[in-house]
Amino acid sequence: MSTKEHKQQADIPVLCKVITVSDTRTEETDKSGRLMINLLKQEGMEAAEYSIVKDEAEEIRQAVLQTKGTINAILLNGGTGFTKRDVTVETVRPLLDKEMPGFGELFRYLSYEEIGSASMLSKALAGTIGKKAVFSMPGSSNAVSLAMKKLILPELKHIVWELNRQ
């Protein structure tokens with residue numbers, strides 16, 4: 001079966017939880033979270049849950065783990081840099097059952113084309129927790145747009161289908 005045929009079979013509802021990790025953003029100022037929600041809607045997917053949590057490991061962990069059973073993808077933005085407060089990746093990675101290294105590699109490659117060598121500072125990460133896909137990307141709107149449009153949205157239905165067909 002071709003990749004195109006395989007993807008066409010992936011007609012499963014995708015319900016996402018969007019998590020913004022930030023010490024300063026509010027629902028009114030969270031441009032990246034809103035962008036994620038709008039891009040999901042444009043592709044016929046739904047952000048069924050949305051939250052903003054502080055750059056604190058336990059808050060991030062609880063936000064990821066306290067997810068309704070109907071959610072099949074968790075999309076985080078923020079906390080992926082190298083400052084002392086950036087702990088999203090270090091918090092999420094141990095929760096993953098499987099890691100998807102290609103996401104971070106491709107994200108940094110595509111970022112390099114846009115921002116140059118600063119792209120190596122991103123710790124973008126993806127993987128799975130049970131039957132849920134998890135993506136963690138930087139918090140800037142440009143980074144969210146790049147990750148969502150070029151990598152996540154073209155494959156998310158397919159990934160969710162794969163995780164649920166076993």
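This is a predicted model: local features need pLDDT of at least 70, side-chain atom pairs count only at pLDDT 80 or more; totals for chains, interfaces and linings use all residues.
**Aromatic cluster, sheet and salt bridges**

F135 is buried, with a relative accessible area of 2%. With 6 of the 6 residues of β6 buried, the strand is largely enclosed by the rest of the structure.

With ring centres required to lie within 6.5 Å, the count comes to 2 aromatic pairs. In one of them, F103 and F107 have their ring centres 6.3 Å apart and their planes at 25°, so the pair is stacked; angles under 30 degrees count as such. These residues are 4 apart in helix α5, a separation of about one helical turn. Both F103 and F107 are buried. F103 also pairs with F135, in an edge-to-face arrangement with 5.2 Å from centre to centre and 75° between the planes. Since F103 lies in helix α5 and F135 in strand β6, this pair ties together parts that are 32 residues apart in sequence. The relative accessible area of F103 is 5%, so this residue counts as buried. Through these ring pairs, F103, F107 and F135 are linked into a cluster.

The open sheet is formed by 6 strands in the order β2-β1-β3-β6-β5-β4, and the pairing is mixed. β2 and β4 (98-99) stand at the edges with a single partner strand each, so one side of each is left without a neighbour in the sheet. Strand β6 (residues 132-137) runs parallel to β3, and 5 bridges join the two. Within this pairing, V134 is the bridge partner of I74, and S136 in β6 stands opposite L76. Toward β5, the sense of β6 is antiparallel, again with 5 bridges. Here T128 has A133 in β6 as its bridge partner. β5 and β6 make up a hairpin in which 2 residues lie between the strands. G130, in the turn, has a positive phi of about 60°.

At the other end of the strand order, β1 and β2 are paired in the parallel sense over 7 bridges. Together with helix α2 (residues 31-42), these strands make a right-handed β-α-β unit. K17 stands opposite E49 in β2.

The salt bridges of the structure number 8. One of them is formed by E49 and K17, whose closest N and O atoms are 3.6 Å apart. E49 lies in strand β2 (residues 46-53) and K17 in strand β1 (residues 15-21), so the pair ties together parts that are 32 residues apart in sequence. Both E49 and K17 are buried. A further salt bridge is formed by R85 and E56, with 3.1 Å between the closest N and O atoms. This pair links distant parts of the chain, 29 residues apart: R85 is in the loop between β3 (73-77) and α4 (88-92), and E56 is in the loop between β2 and α3 (57-65). R85 has a relative accessibility of 35% and counts as partly exposed. E56, at 36%, likewise counts as partly exposed.

In R61 and E58, the side chains meet in a salt bridge of 3.4 Å, N to O. These two residues both lie in helix α3, 3 residues apart, or about one turn of the helix. R61 counts as partly exposed at 32% relative accessibility, and E58 counts as partly exposed at 43%.

On the surface, a nonpolar patch is formed by F82, M120 and L121, which together have about 370 Å² of accessible area. L121 is located in the loop between α5 (101-115) and β5 (125-129). The relative accessibility of L121 is 49%, so this residue counts as partly exposed; the exposed class requires over 50%.

Conventions: Residues are numbered from 1 along each chain as its sequence is written. Side-chain values use heavy atoms; hydrogens and water are left out. A salt bridge is a side-chain nitrogen of Lys or Arg within 4 Å of a carboxyl oxygen of Asp or Glu. Buried means under 20% relative accessible area, exposed over 50%, partly exposed in between (1.4 Å probe, protein chains only). Patches are made of residues with over 30% relative accessible area and no salt bridge: like charges are joined within 9 Å, nonpolar side chains (Val, Leu, Ile, Met, Phe, Trp, Tyr) within 5 Å. Accessible areas come from the Shrake-Rupley method with a 1.4 Å probe; for residues, only the protein chains shown count as cover. Two strands pair if DSSP finds at least two bridges between them. A crossover is right-handed if, with the strands pointing away from the viewer, the path from the first strand over the helix to the second runs clockwise. Rings of Phe, Tyr and Trp (its six-membered ring) pair if their centres lie within 6.5 Å; planes under 30 degrees apart count as stacked, over 60 as edge-to-face and the rest as tilted.
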